[in-house]
Amino acid sequence: MGKSKQTGNHKSDKKKNIAKLWKTKRRTKDLDQIHHDMKPEVAAKLLHQEVDYDVTGNAQHYCLHCARYFVDLRSLKEHVKTKVHKRRLKQLREEPYTQAEAERAAGMGSYIPAKKVVVQTQPLEEEAEEMK
C-alpha cells in the first residue's frame with residue numbers, strides 16, 4: 001500500500017495538501033524573470049517606484065536581484081551583506097536558459113555552453129548621492 005497523498009486536517013475540505021500550500025506560500029520570482037527586471041529600462045522603474053502604502057517600506061527600498069522590498073535603507077544595506085543576497089548574485093551570473101539552447105542540447109544544432117553575465121549589486125540611494 002503506501003502513504004496517502006492527503007495530509008493534515010481530517011475534516012477540512014479546503015486544505016487538501018498542506019505541504020503544497022507551504023511550498024507555494026513564499027514563492028519568489030524565477031531567475032529568468034529577474035534577468036528581465038535587470039534590464040536598464042525595467043530596473044529604473046522598479047528602483048524608483050511611486051509610494052505604495054500596501055507594500056513593505058512603501059515600495060521605496062527594493063532589492064532588484066532578490067525581488068524583495070525592505071522597510072528602510074538600513075535593512076536593505078544589511079541584506080546586501082548577507083549570504084542570501086550573495087548566493088542570488090552568484091546564481092544570476094549564469095545566462096538565462098532559452099529555447100534555442102534547449103534545442104541545441106536536444107541535438108538540433110551544435111551545443112554552445114552558457115555565457116557568464118556580469119552582475120553587480122545595485123547602487124544604494126545613499127551611495128548614488130555621494131557619487132554625484
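## Two cysteines, no bond

The sulfur of cysteine 66 has its closest cysteine sulfur in cysteine 63, 3.7 Å away, which is too far for a bond. A disulfide here is a pair of cysteine sulfur atoms within 2.5 Å. By that rule the count is zero disulfides. A disulfide, in general, is a covalent bond between the sulfur atoms of two cysteines.

Cysteine 66 is buried, at 6% relative accessibility. Cysteine 63 is buried too, with a relative accessible area of 0%. Buried means under 20% relative accessible area, exposed over 50%, and partly exposed in between (1.4 Å probe, protein chains only).

## Basis of the model

This is a predicted model: local features need pLDDT of at least 70, side-chain atom pairs count only at pLDDT 80 or more, and totals for chains, interfaces and linings use all residues. Residues are numbered from 1 along each chain as its sequence is written, and side-chain values use heavy atoms, with hydrogens and water left out.

Tyrosine 62 lies in strand β1, residues 62-63. Helices (H or I, at least four residues) and strands (E, at least two) are DSSP runs, numbered from the N terminus. Tyrosine 62 counts as buried, at 5% relative accessibility.

Which residues touch tyrosine 62, leaving aside neighbours within four places in sequence? They are Lys29, Leu46, Leu47, Gln49, Ala67, Arg68, Tyr69, Leu76 and Gln122. Contact means heavy atoms within 4.5 Å. Leucine 124 is 62 residues from tyrosine 62 in sequence. Their C-alpha atoms are 9.6 Å apart.

## The aromatic pair

The whole structure holds one aromatic pair. Its rings belong to tyrosine 62 and tyrosine 69, with centres 4.7 Å apart and planes at 50°, so the pair is tilted. Rings of Phe, Tyr and Trp (its six-membered ring) pair if their centres lie within 6.5 Å; planes under 30 degrees apart count as stacked, over 60 as edge-to-face and the rest as tilted. Tyrosine 69 is partly exposed, at 29% relative accessibility.

## Positive phi in two loops

Most residues other than glycine have a negative phi. Asparagine 58 has a positive value, near 55°. Asparagine 58 sits in the loop between α3 (40-47) and β1. At 30% relative accessibility, asparagine 58 is partly exposed.

Alanine 67 also has a positive phi, of about 55°, and is not a glycine. Its place is the loop between β1 and β2 (68-69). Alanine 67 is also among the contacts of tyrosine 62.
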